[in-house]
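Please read them with the sequence and the coordinates open.

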Amino acid sequence: MSLDITIQLADEDLDHFVEAMKRAQVKAADLSPKEVVEAASRLLIDAPGGKVPQFIQERLEKLDQMLQLVVDEGYGLPQEDRDRVLSCLAYFADPHDIIPDNVPVIGLLDDAIMIELCVRELGPEIDSYADFVLFRNQEAARRGVDPATLKTERVDWLETRRQEAHEGMRRRRREGYSSSGGFSLFKAR
């Protein structure tokens, strides 16, 4: 038997999480980026895999994506974006957050909610990183190598995406010429 529960958080409830995040960021201010990542990673390590409710496990996977976003040297996240992600990760560096993590069943509930809030905040960064990982995996498959051994960097991905955007522009232009009866001010006759 399973049970579906929907939680709707009002603005006042979200304010509580915002304040908790601010407190966590103050506590983590003296930590190095490496220490923040290591502390937040402990949440993944300490969470008992099979004993965590599925909805929390799904959020922990999103936390892992945020951690990878920061530590993936090939991606080379720009410093401003890196600081934003680390700022979000600060909450997960404290096991004594809103609900202490060691409370059975619900100890990670606040973390799951905070992960959702962070994912919304970091959506563009997470989406770009997911695209980069897809690109790297496709390149590795094309070359027949393990993605971990491929030294693909952010500039390679960005250049490929730039070329794809330009080719798309040229394709739309060609299609536009043919649909407009072939007339163009710039098309050689």
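1. Lysine 51 counts as exposed because its relative accessibility is 73%, where exposed means over 50% relative accessible area, buried under 20% and partly exposed in between, with a 1.4 Å probe and protein chains only. Lysine 51 sits in the loop between H2 and H3, the helices (H or I, at least four residues) being DSSP runs numbered from the N terminus. From lysine 51 to proline 104 the C-alpha to C-alpha distance is 9.3 Å, although 53 residues separate the two in sequence.

2. A word on the basis of these values: this is a predicted model, in which local features need pLDDT of at least 70 and side-chain atom pairs count only at pLDDT 80 or more, while totals for chains, interfaces and linings use all residues. Residues are numbered from 1 along each chain as its sequence is written, and side-chain values use heavy atoms, with hydrogens and water left out.

3. Glutamate 125, in helix H6, counts as buried because its relative accessibility is 10%. Leaving aside neighbours within four places in sequence, glutamate 125 is in contact (heavy atoms within 4.5 Å) with Leu69, Tyr75, Asp81 and Arg84.

4. In helix H4, residues 79-89, the buried residues are Val85, Leu86, Cys88 and Leu89. Seen down the axis of H4, these buried residues fall within an arc of 155°, so they line one face of the helix; the arc is taken from the directions from the helix axis to the C-beta atoms. Their cover includes helix H1 (11-27), helix H2 (33-46), helix H3 (54-71) and helix H5 (109-121).

5. Leucine 89, leaving aside its neighbours within four places in sequence, is in contact with Val36, Val37, Ala40, Leu63, Met66, Leu67 and Val70.

Conventions: Helices (H or I, at least four residues) and strands (E, at least two) are DSSP runs, numbered from the N terminus.
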